[in-house]
Amino acid sequence: MSYETILYEVAGGIATITLNRPAKLNAFNDQMIGETTDAFKAAGRDGVVRCIVLTGAGRGFSSGQDLSDFHGRAEAVSIGEHLRHGYHRLIRQMTTLEKPIIGAINGIAAGAGCGVALAADIRIAADNASFMLAFSRVGLIPDSGANWFLPRLIGYARAYEMALTAERVPAAQALEWGMVNRVVPAAQLPEITAAWARQLADGPTLAFGLTKRAMNRSWEMTLDEALAYEAHLQEVTGRSADSREGVMAFLEKREPRFSGK
Ligand code: LHQ
């Protein structure tokens with residue numbers, strides 16, 4: 001696959017997608033939205049891939065919509081259509097991809113870049129990274145799923161405050177609020193992300209994927225519905241090779257060797 005705005009690499013069962021427009025802090029133009037969506041689709045379809053890492057090149061994760069790109073056609077383009085055909089496809093591709101996605105947040109994640117960061121399953125942030133709902137600075141409401149993800153992660157009052165102030169939330173604050181899973185020294189972000197990705201890629205991928213599905217669907221379910229759905233999915237994992245291997249490994253007092261199936 002050849003991309004121009006992102007880098008896509010698969011090694012050792014880990015797909016790494018690097019947003020690669022560093023001169024603009026990896027602002028999203030149409031091509032980068034499309035290529036990132038395509039890369040997630042490819043990672044989902046590739047049976048070899050068992051974990052995906054999303055990060056940014058240079059000093060930013062992503063500064064959101066490329067405003068210079070959009071400005072020129074703002075009169076002609078419907079923002080709603082732009083979202084529906086662009087960011088929404090990307091966000092859905094990420095949330096329905098049944099493999100763990102790690103967001104390695106290497107710098108600022110602003111606007112739609114913040115929404116995309118929040119669509120990852122877990123986030124490891126560099127200690128100099130930050131999150132910013134920049135939208136109100138340009139007279140917009142948060143989009144790219146931020147209105148959905150953020151109140152669930154950090155609660156309504158903090159999420160709304162972020163939208164109102166459009167101020168940067170530093171990594172340490174994001175950790176305290178529950179927006180990220182870990183904060184690490186910036187220089188160690190690649191190595192710590194790689195170690196975590198390795199661990200996930202060696203795990204029971206089917207179970208990891210169905211856990212993601214069960215947790216994401218739980219938001220729209222009653223407890224009874226969620227219990228029924230869990231039982232349904234557990235029928236699948238319970239018959240899997242990795243479940244057999246996990247039980248055997250326990251009984252034989254050794255580490256499991258999961259195949260992902
Ligand atoms: C940029 C950008 C950028 C272009 C930095 N675009 N060039 C959806 C649908 C449709 C329409 C609109 O929006 C949306 C969703 C959204 O995402 S709305 C929110 C869009 N994003 C923003 O409003 C953030 C704009 N950027 C900033 O406020 C700052 O750049 C931040 C706070 C992210 C970083 O500040 P600094 O670290 O001081 O960096 P910088 O501002 O110097 O940026 C570096 C370069 O990147 C600079 O270019 P230059 O040629 O002067 O070096 C910026 O112009 C460029 N850049 N963000 N979104």
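Colleague: Which residues does M179 touch, not counting residues up to four places away in sequence?

Modeller: This is a predicted model. In it, M179 touches L118, R123, F131, L150, I154, M162, V169 and A174. M179 and F131 are the residues with the most contacts inside the largest nonpolar core. That core has 65 residues.

Colleague: What makes a second core count as separate, and which residues does it include?

Modeller: A nonpolar core is a set of buried residues joined through side-chain atoms within 4.5 Å. The second core is separate and has five residues. Among them are L25, I108, M132 and A134.

Colleague: Why is H82 called buried?

Modeller: The relative accessible area of H82 is 11%. Buried means under 20%. Therefore H82 is buried. The residue is found in helix α3. Leaving aside neighbours within four places in sequence, H82 is in contact with D30, I33, Q65, F70, R73, V77 and Y87.

Colleague: Is E245 buried or exposed, and how do you know?

Modeller: E245 has a relative accessible area of 15%. The cut-off for buried is under 20%, so E245 is buried. E245 lies in helix α11, residues 241-251. Its contacts, leaving aside neighbours within four places in sequence, are R254, E255, P256, R257 and F258.

Colleague: What makes A194 partly exposed?

Modeller: Partly exposed lies between the two cut-offs, under 20% for buried and over 50% for exposed. A194 has 41%, so A194 is partly exposed. Helix α8, residues 189-201, holds A194. The C-alpha atoms of A194 and F131 are separated by 22 Å, and the two residues are 63 residues apart along the chain.

Colleague: Why does G44 count as partly exposed?

Modeller: G44 has 33% relative accessibility. G44 lies in helix α1, residues 30-45. Leaving aside neighbours within four places in sequence, G44 is in contact with L97 and K99. Its C-alpha atom is separated by 32 Å from that of Y156, 112 residues apart along the chain.

Colleague: What is noted about the phi of A166?

Modeller: A166 has a positive phi of about 55°, although A166 is not a glycine. The residue sits in the loop between α6 (156-165) and β9 (169-170). Its relative accessible area is 1%, so A166 is buried by the cut-off of under 20%.

Colleague: And why is K253 called exposed?

Modeller: Exposed means over 50%. K253 has 79% relative accessibility, so K253 counts as exposed. K253 lies in the segment after α11. K253 also has a positive phi of about 55° although it is not a glycine.

Colleague: How do the residues of the shell around the ligand divide?

Modeller: There are 13 nonpolar, six polar and five charged residues. Of the 24 residues around the ligand, R59, S63, Q65, L67 and A112 come nearest.

Methods: Residues numbered from 1 in each chain as written. Predicted model: local features only at pLDDT ≥ 70, side-chain atom pairs only at ≥ 80, totals over all residues. Heavy atoms only, no water. Near = heavy atom within 4 Å. Nonpolar A, V, L, I, M, F, W, Y, C, P; charged D, E, K, R; others polar. Buried < 20%, exposed > 50% of the residue type's maximum accessible area, 1.4 Å probe, protein only. Contact = heavy atoms within 4.5 Å. Helix = DSSP H or I, 4+ residues; strand = E, 2+ residues; numbered from the N terminus.
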